[in-house]
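Here's a quick briefing to read alongside the model. Have the viewer open and click along as you go.

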Amino acid sequence: MQNQNFIEFKKKRDLGSIISDTFKFLSTEWKSFFGTILKAAIIPILIAVGAVIYYVMSSTAVFGEMAKTTDFDSAFDLNFAELIIPIFIFIGTYLVAYALVTVNALSYIKSYIDNKGVVNLEQVNILAKDKFGAYVGLFFLNGIILFVGALFCFFPAIYLGVVLSVSICFLIFQNKSVTESITDSFNFIKGHWWETFGVLIVVQLIIGLIGFLADLPATFYQLINTGFGLKNEDAVEVLNIFKDPIYIALMVFSYFIKFILYTVTTVATVFIYYDIKEQGNPSTTIINQIGVE
């Protein structure tokens with residue numbers, strides 16, 4: 001049985017169609033799609049957001065003390081463990097949450113494609129659990145490659161970032177290993193780099209705008225407090241805004257929305273993957289549909 005609102009991923013699209021179909025998919029599947037992701041990742045997401053707040057508050061305390069220190073030697077007596085430990089906690093929890101969001105989103109899409117829009121949630125859970133470790137490994141290897149590229153110049157890092165963006169699709173949709181997913185990405189994206197770059201840039205601009213709007217409540221609250229409540233206070237006291245529970249709650253909301261926004265790029269990447277794949281090797285389904293018509 002096929003979902004009447006089924007969106008065919010396996011077909012060629014131009015930039016505008018990839019963007020519009022990305023949001024069409026999210027608008028038609030939002031309840032089940034986000035529900036599946038949040039069911040698997042809501043606790044890690046909240047922990048990661050809490051780690052971000054913890055890091056911000058810890059770094060605020062350290063840098064606040066540095067701002068008060070006039071003696072250069074005294075600055076090195078500060079407890080920088082209060083800054084380093086929160087950084088590692090933040091990175092670790094953020095990676096787990098990001099990995100869970102990504103693998104569950106892609107597993108959902110795979111089931112959606114395989115079953116013509118009728119998602120098998122049990123299948124999604126099994127695949128997501130099976131691919132979680134592999135995705136973490138892929139994430140680290142991609143990160144190392146991008147880091148090495150960035151050491152040489154800014155532009156190689158951009159090039160590599162676009163190439164490696166589709167590597168996760170090989171891991172999920174073709175059941176490739178981590179190393180195979182990376183190597184296949186280079187051959188796959190050849191001749192399609194600019195169109196992939198164009199789609200990702202447009203998607204990031206849209207996400208950036210939505211993320212900016214999500215930041216506005218916290219930004220306005222901060223401006224109101226620092227602009228009116230702390231007019232005659234020492235500049236260091238401005239940093240106390242990070243201890244305000246209302247401001248922290250607004251930051252939690254902002255970071256939570258940004259986690260959800262990651263899925264927009266994920267969905268768009270799948271459309272890019274199948275667009276390039278169909279250009280080189282049209283699927284039997286599409287050929288049959290054209291033959292019938």
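**Quick look at the fold**

The protein chain has ten helices and zero strands. Keep in mind that this is a predicted model. Going along the sequence, the pattern reads α-α-α-α-α-α-α-α-α-α. Of the 293 residues in the protein chain, 42% are buried.

**Helix 4 and helix 5**

- Helix 4 and helix 5 (residues 154-164) pack with their axes 7 Å apart, at an angle of about 160 degrees.
- The cut-off for roughly antiparallel is an angle over 145 degrees, so helix 4 and helix 5 count as roughly antiparallel to each other.
- As for handedness, helix 4 passes helix 5 in a right-handed crossing.

**A greasy spot on the surface**

- There's a nonpolar patch on the surface, formed by L141, I144, F147, V148, L151 and F152.
- F147 counts as exposed because its relative accessibility is 53%, and the cut-off for exposed is over 50%.

**A phenylalanine on the inside**

- F271 belongs to helix 9 (residues 245-280).
- With 0% relative accessibility, F271 counts as buried.
- F271 and T22 are 249 residues apart in sequence, yet their C-alpha atoms are 7.4 Å apart in space.

**Salt bridges**

- Searching the whole structure turns up five salt bridges, and three of them are worth a click: E8 with K116, D21 with R13, and K110 with D114.
- In the E8 and K116 pair, the closest N and O atoms are 3.8 Å apart.
- That pair ties together distant parts of the chain, 108 residues apart: E8 is in the segment before helix 1 (15-68), while K116 is in the loop between helix 3 (81-114) and helix 4.
- E8 counts as buried, at 14% relative accessibility, whereas K116 is partly exposed, with a relative accessible area of 27%.
- For D21 and R13, the closest N and O atoms are 2.5 Å apart, and both residues are buried.
- K110 and D114 bring their closest N and O atoms to 2.9 Å.
- Both K110 and D114 lie in helix 3, four residues apart, or about one turn of the helix.
- K110 is partly exposed, with a relative accessible area of 21%, and D114 also counts as partly exposed, at 41% relative accessibility.

Key:
Residues are numbered from 1 along each chain as its sequence is written. This is a predicted model: local features need pLDDT of at least 70, side-chain atom pairs count only at pLDDT 80 or more; totals for chains, interfaces and linings use all residues. Side-chain values use heavy atoms; hydrogens and water are left out. Patches are made of residues with over 30% relative accessible area and no salt bridge: like charges are joined within 9 Å, nonpolar side chains (Val, Leu, Ile, Met, Phe, Trp, Tyr) within 5 Å. Accessible areas come from the Shrake-Rupley method with a 1.4 Å probe; for residues, only the protein chains shown count as cover. A salt bridge is a side-chain nitrogen of Lys or Arg within 4 Å of a carboxyl oxygen of Asp or Glu. Buried means under 20% relative accessible area, exposed over 50%, partly exposed in between (1.4 Å probe, protein chains only). Axes are lines fitted to C-alpha atoms, for helices over the stretch in contact, and angles run from 0 to 180 degrees between N-to-C directions. Helices (H or I, at least four residues) and strands (E, at least two) are DSSP runs, numbered from the N terminus. Angles under 35 degrees count as roughly parallel, over 145 as roughly antiparallel, 65 to 115 as roughly perpendicular and the rest as oblique. A crossing is left-handed if the near helix is turned anticlockwise from the far one by less than a right angle, and right-handed if clockwise.
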